[in-house]
Amino acid sequence: MMNTGISSPRCVTLGDDDALNAGGKAAGLTRLINAGLRVPEGFVVMGADPGALPPELPERYRAMGGGAVAVRSSATGEDGADFSHAGQYETFLDITGIDSLADAVTRCMNSLQGERSRGYRSLFDGGFPESMSVVVQRLVRASRSGVLFTADPLGGSGDLITINAVRGLGEALVSGTARSDQYLYTPDGTLQQEILQGDLPVLEAGECRLLVEEALAAERHFGHPLDMEWAFDGEGVLYWLQARPITTADEAGIDELDTPVPSDDTVFTRCNIGEMLPGAVTPLSISIFAEAIDFGMRDMYRYAGAITKRESDRFICSYSNHLFMNFSLMHTITGCVWGSSRDALNLSILGRAKGEAIEVPRKPLPVRLLNSIKYFHYVSRWKGRIRELERTAVGFRIDVDRDDPAAIYRDIHSNIPLLFRQYINHYITSAYSGVMNGILMAVLAEGGKPVLEHHERAASLLVNIEGIESADVVTSMKRMASVIAGYGAAAARFASMEPALALRWISESGQEAVGFDKFLKRHGHRCIREAELREREWADDPEGLVETIQSMVRAKLAGTGSVGDDGRENGGDAPLPESRAFRWALKKARSGVGAREYSKALVIRVQHQIKIAYRRMGTLLAERGAIPDGDLVYFFTHQELGRLLQGERPLVKRAMKRRRLLPEQMALYFPDICRGRPVPVTPGSGVEGDGTVFRGIPVSRGMAEGSARVVLTQEDARSLQPGEIMVARFTDIGWTPFYGMAAGLVTEIGSALSHGAVVAREYGLPMVVNVAGATARIVTGERLRLNAYEGTLVKL
């Protein structure tokens, strides 16, 4: 038997759901029908053997009106994303009469065991289920026909659509025996190149644009680039004859998931988003976290009148799996909302007023005034949004005790709108903090452009804020280290243990005074790159925390520790403004800092439940043999996981390629701001100066001197020694446990509202951000002097 798993011989109408399980060709045609494209009328022979055809075959043929039909194989795995099986099975055209039809169907089925197809399978270890269905369709008397690729079949680029066309039937073209006209089009229907084989083109411009339009609609429905066959009949009606994934390209290229670039003049930045989720991001996190942030920003900009519901450009974009903000799109708010300015937006996102010149049209003053009222109303709701976040964080759970990955996926899918809603809540709180910080800076600058002095003064005012959620990480870890250090000889033994043994000791009953379990209940959902679904949270991987506590205990036992402020009082030497506006702005800015940190912790707690569910789903899929290991689940998009559960196994190969590419993507380095498609650069390139004096923006006052510790990975951070100056590309909640040992902090990107800046100010830890090229031009062990009053870093 060659049709294992299919119950009995029968005929199914092409387009019915059952046809999705009738091999690659039938599934592709059915999905084209579901996408609204015109496909020749037909049916599928399923569950049959050469000697046992469906008894209703003659009736189904007569119901189509008899006449000429095309008979094509539709084997399991054929026309798939891994292997197309193109030309390995039989196709018969212009078949008429029931006897000829039955013979053609039988010969198609016999081709499954033909020498040609057996040889093809042997190249790939025979890894294809042996099941053959047959598609029977009314024959299209083609006047013109051909193939179309929605992406470059050699490189997978989505920039150009390739159309190859011949007169008459397209079989000669598909088999490679005919020369064709070729037309290259952009997705917007613009002709880029035309190569003709004769004096007159095979296709008119309008026909080409119709092909492009419908092919891109199909690509959106399928979710991946397509290799498609088409034909115009004698009356000029377009029919689609086949659709399959492009298999000659390495679909998991380094730029596979890149967002289309709106224009060569579009400005992108990795600031802000590069702190929220730095480095290369897994496809699953792109499809969840990046979508959630984009959804939140889109909601805010629509509310403020800066964009319409029809806006198609994305705020959060992915290039080589690194996330960027569309800074040009963000600047639209400066022309729509009174009081919003380019300098204020640059300060909020880049941490400095100076940025790329982005010109946006300004709406009339009455419109901007109305939008400013709407925007202020939007951000003024932050308290209610935090209360909603609190309720959701406490009550939201996904049942992961089940053994059904499909049920877990359905639960995740149904709760994605809830997650997106919580990111809106966080964005409202974050926007409130940004607005109030901008107002405070404007008051300090007395309406002028903020300079270094104003940054330094603002940093000095945003300290000793009660209830900073992320600051409790350092407070709690210092307290735990102090408790353990008081144990005398036991403390010394703890400090010298292997981390696994130290974890067992600190978690044992009788150690409640240390408070490690209590710490994990409050902060265990957090970790380095906490928005990345693949990263293991502290509760799941606590050994790193224990190592840091051990280092703190050793420092206390040795009488060493971090180097702090030089004694200057907060607020600086200049007198503070006495106006009501200043007092109001300061109060609101301080409350905004705390609210922003708290809402971030809450939304990550909500996302943590999604993370746990995906992890469980990966384990179950691996146990069932659907994927080789649970970790691979992070290299599908959320939508692809749904298709995988429906049996689209070729996606596994693509996910494996993506995982192999991730280290290469992680090694890429991008400038803070890019005009046009972001292109990787050499770290430190384009940085002015002799490499001994660096300048940045001070965000936490103080001075420190010590050895450099360049931190690019978690392993680097664990090597931090008391009194060293941490030099990193970004700040991250995951670095927080190490702040208790550092003498100072230096980052390449950041702002006064960055997580690291907020925590550093609470502990008097000097910090300077926006130090370009720091991680590339400073070497671990070099002696540094950090001046977080003047914003300088000097190699000694």
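**Close-up views of a predicted protein model**

**View 1. Strand β22 pairs with two partners at the end of this predicted model.** Strand β18 (residues 703-711) and strand β22 (residues 783-787) run antiparallel and are joined by five bridges. Strands here are DSSP runs of E with at least two residues, helices are runs of H or I with at least four, and both are numbered from the N terminus. Two strands pair if DSSP finds at least two bridges between them.

**View 2. The whole chain, for orientation.** The protein chain has 25 helices and 23 strands. Of its 796 residues, 56% count as buried; buried means under 20% relative accessible area, exposed over 50%, and partly exposed in between, with a 1.4 Å probe and protein chains only. Contact means heavy atoms within 4.5 Å. Among contacts between residues at least 6 apart in sequence, 70% join residues at least 24 apart. The chain exposes about 32,700 Å², with carbon and sulfur atoms supplying 50% of it; the areas come from the Shrake-Rupley method with a 1.4 Å probe, and for residues only the protein chains shown count as cover.

**View 3. Strand β6 sits between two pairing partners in the list of bridges.** Strand β6 (residues 142-149) is mostly covered, with seven of its eight residues buried. With strand β10 (residues 226-233), β6 pairs in the antiparallel sense over seven bridges, and Ala142 stands opposite Asp233 there. Strand β7 (residues 161-167) also runs antiparallel to β6, through six bridges. Look for Ser145, whose bridge partner in β7 is Val166. In a regular strand the side chains alternate between the two faces of the sheet.

View 4. Rings of Phe, Tyr and Trp (its six-membered ring) pair if their centres lie within 6.5 Å; planes under 30 degrees apart count as stacked, over 60 as edge-to-face and the rest as tilted. Trp230 and Phe232 form an edge-to-face pair, 5.7 Å centre to centre with 70° between the planes. Trp230 is buried at 1% relative accessibility, and Phe232 is buried at 1% too. Phe494 and Trp505 make a tilted pair, 5.2 Å centre to centre with 45° between the planes. Phe494 lies in helix α16 (residues 489-496) and Trp505 in helix α17 (residues 499-507), so this pair ties together parts 11 residues apart in sequence. Ring pairs also link Phe268, Tyr319, Phe324 and Phe670 into a cluster.

**View 5. Two arginines lie over tyrosine rings.** A charge sits over a ring if NZ of Lys or CZ of Arg is within 6 Å of the ring centre and within 35 degrees of the ring normal. The charged end of Arg270 sits over the ring of Tyr669, 5.1 Å from its centre. Arg381 lies over the face of Tyr303, 5.0 Å from the ring centre.

View 6. A nonpolar core is a set of buried Ala, Val, Leu, Ile, Met, Phe, Trp, Tyr and Cys residues joined through side-chain atoms within 4.5 Å. In the largest, of 148 residues, Ile506, Leu641 and Trp735 touch the most other members. Leaving out residues up to four places away in sequence, the residues that Leu641 touches include Leu284, Tyr409 and Phe636. A second, separate core has 34 residues, among them Ala26 and Leu211. Elsewhere in the view, Ala393 lies in helix α12 (residues 382-395) and is buried, with a relative accessible area of 6%. Ala393 and Leu602 are 209 residues apart in sequence and 6.0 Å apart in space, C-alpha to C-alpha.

Terms used:
Residues are numbered from 1 along each chain as its sequence is written. This is a predicted model: local features need pLDDT of at least 70, side-chain atom pairs count only at pLDDT 80 or more; totals for chains, interfaces and linings use all residues. Side-chain values use heavy atoms; hydrogens and water are left out.
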